[in-house]
Amino acid sequence: MPRSERPDEPREGLVARLLVLGTDAARVSATADLCRALGVADEVVEHRPDQPAGPDDGRGGPGGPVGLVVALGSAWPDVLAVLPALGPGGVLYWEADGRAGAWASLRRLRRVGMTATAYRRRRHGEHDTLFLPLGPREAARWYVDELADDSGTARRVARRLATSSGAAIRGALGAVGGPVSWVAVRGEGDLTPGVLVDLDLGGVPSGPGDAGPTLPVVLTRGEGEWSRVVLLPFDDRDRSPRAVVKLPRLARHGEATLRERRLLAELAQTLPEPVRASVPVPLGGGSWQGLPVAVESYLPGRPLGHRGRAEDDPGRAELLRAAAWVAALHRPTRPPSAVAPSLDATLDEAVASCGLVLGPEVRGRFGDAALRGTELPRGYQHGDLTPTNLRVAGGGVAGGGLSAVDWESGRAGAPLTDLLYLLLHWPWPGHPDLGTAPDDVLRAVFLRTDGTPARTAQAVVTAYLGQLDLPRHVVGPLLAHMLALQAVDRAGRVASSGDRPVGNLYADLLGSAVTAPEGSTWW
């Protein structure tokens, strides 16, 4: 969130007074509560549309001027009405629909004496997953080249945009309707988000003759309280982000950021080349407002799932490349402190934490006894290897140009689990996604002997087993092991979030997998 620089008034919060307004009273209240929890301001005020913001002299009334205004879904007249309360250097953060055009509102803000920039936001469900500033010359082109999904109509539009100039891409993204955010400062001021202002980013490389990074390109928060904010510093002359800056949304979820920081440091010392080049390098760390922050290198590439959507040979080829990369990660690595994985212990933990009821025969089919004495190699596991976190870049990287980002769930553990997780989350054409119909996906990929997903998954897993010299009978036990690990992790995250109880997708899938009749699956 942006901050107002007020060195003459030292405060515990980033600003003295913060004003939240919007068309949805519940969202305004939730945002105000989050700002209080994060210590963004010493005083957080929820503003009603019929409430005057302050006297006409713009000094903000008896409580003093407002340092930060957060407007959620507000129309321009409502935003204009509260701007007199902003003191010198005060910051406006305004989210609205961009049907009137991002540039039109940008001009309005500048006409009333604000230094402003515009962001286009991408929505996923009820959450913003991407903030794209329309100012830096190459930011929009980078987004189209690397992050824009290339399926259906979007593919044709992306291809046309990719051949355009950076200015044309920015104009196209800013002219169409959709969620847009504006960040503006009263008078001359810094539009960099507060985390980049307050944090010492010594690890972020600067360009030639440049003082440092300015605007971020992507700000993503995921789908739960445990998700993190990710900032990608991007200067006007850069063609790609200079680094990746991560911090949790809430302090109680900071352990994941610290764990990733420690794991990446260990991987940098342990992995041999060229596998090491496919994993981010830790550049530094610190804290902001009591939240742990990690800075790591940026790895270019498009999400693998944006390339391999067809059920034909190209889609199968992408998965085979992924299997080769995962094997390259697992084969040479032996984490210094890793202990032998216990499938029995993981099943027991899933039963205890998720309330599962598993019969005594489950251990015989999916526990340690089911390995038949096979010793499992111990290697590093990504833990959340979705098609989005596995990226495709140019040559020179292990696995044919693949790399993996977002290692907050990484751990030392048993082989194959990353690959089985990737197959479960793959965007199989003609089939629903995992979040829509999880049992259908599990059945199509793992619990059937026919159909393209099952045949492709079998071929990919067979190739991986060959590279690690593992027998086929370990697949079923390790599938149950992967689901149990994810079920335990999900149970822990939900419990620590303080939210009302919700379903556990992976616990449900574990129950389905271990009750499948013998001989009915490809493994």
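Leu-416 is buried, with a relative accessible area of 0%, and its place is in the loop between β17 and α13. Although Leu-416 is not a glycine, its phi is positive, at about 75°. The model described here is predicted. The protein has 523 residues, of which 53% count as buried, and its secondary structure comprises 17 helices and 17 strands.

**Overall architecture**

- The accessible surface of the protein amounts to about 22,100 Å², and carbon and sulfur atoms account for 51% of that area.
- Among contacts between residues at least 6 apart in sequence, 73% join residues at least 24 apart.

**Backbone features in loops and at a helix end**

- Asp-406 also has a positive phi, of about 65°, although it is not a glycine.
- Asp-406 is located in the loop between β16 (402-404) and β17, and with a relative accessible area of 22% it is partly exposed.
- The peptide bond between Glu-273 and Pro-274 is cis, with omega at about 5°.
- Pro-274 belongs to the loop between α8 (255-270) and β11 (282-288).
- Helix α3 (residues 102-111) has several buried residues, namely Ala-102, Ala-104, Ser-105, Leu-106 and Leu-109.
- Gly-113 follows α3 and has a positive phi, near 85°.

**Salt bridges**

- The whole structure contains 15 salt bridges.
- One of them pairs Glu-95 with Arg-27, with 2.5 Å between the closest N and O atoms.
- Because Glu-95 lies in strand β4 (residues 86-97) and Arg-27 in helix α1 (residues 25-38), this pair ties together parts that are 68 residues apart in sequence.
- Glu-95 counts as buried, at 6% relative accessibility, whereas Arg-27 is partly exposed, with a relative accessible area of 32%.
- A further salt bridge joins the side chains of Glu-518 and Arg-365, at 4.0 Å from N to O.
- This pair links distant parts of the chain, 153 residues apart: Glu-518 is in the segment after α17 (505-514), and Arg-365 is in helix α11 (residues 361-366).
- Glu-518 counts as exposed, at 66% relative accessibility, while Arg-365 is partly exposed, with a relative accessible area of 23%.
- The side chains of Asp-440 and Arg-443 also meet in a salt bridge, at 3.1 Å from N to O.
- Asp-440 and Arg-443 are separated by about one helical turn, because they stand three residues apart in helix α14 (residues 438-445).
- In an α-helix there are 3.6 residues a turn, so residues three or four places apart point the same way.
- Asp-440 is partly exposed, with a relative accessible area of 40%, and Arg-443 likewise counts as partly exposed, at 40% relative accessibility.

- Ser-74 is in the loop between β3 (66-72) and α2 (76-82).
- The relative accessible area of Ser-74 is 4%, so this residue is buried, the cut-off being under 20%.
- The C-alpha atoms of Ser-74 and Gly-22 are separated by 5.1 Å, although these residues are 52 apart along the chain.
- Apart from neighbours within four places in sequence, Ser-74 is in contact with Leu-21, Gly-22, Thr-23, Val-79, Trp-94, Glu-95 and Ala-96.
- Among these contacts of Ser-74 is Glu-95, the residue that forms a salt bridge with Arg-27.

- Rolling a probe the size of a water molecule over the atoms shows where empty space is left.
- Four cavities of 30 Å³ or more are found in the whole structure, and the largest cavity holds about 90 Å³ of space.
- The lining of the largest cavity consists of 13 residues, and those nearest its centre are Gly-383, Arg-411, Thr-417, Leu-485 and Gln-486.
- At least two lining residues each are supplied by β17 (411-413), α13 (417-425) and α16 (475-497).
- Helix α16 provides the largest share of this lining, with four residues.
- By class, four of the residues lining the largest cavity are nonpolar, six are polar and three are charged.

Methods: Residues numbered from 1 in each chain as written. Predicted model: local features only at pLDDT ≥ 70, side-chain atom pairs only at ≥ 80, totals over all residues. Heavy atoms only, no water. Buried < 20%, exposed > 50% of the residue type's maximum accessible area, 1.4 Å probe, protein only. Contact = heavy atoms within 4.5 Å. Areas by Shrake-Rupley, 256 points an atom, 1.4 Å probe, with all protein chains shown as cover. 1 Å grid on protein atoms, 1.4 Å probe; cavity = no way out; pocket = protein on both sides within 12 Å on 5 of 7 lines; lining within 4 Å. Points joined across faces, edges and corners; volume = space filled by probe spheres on them. Nonpolar A, V, L, I, M, F, W, Y, C, P; charged D, E, K, R; others polar.
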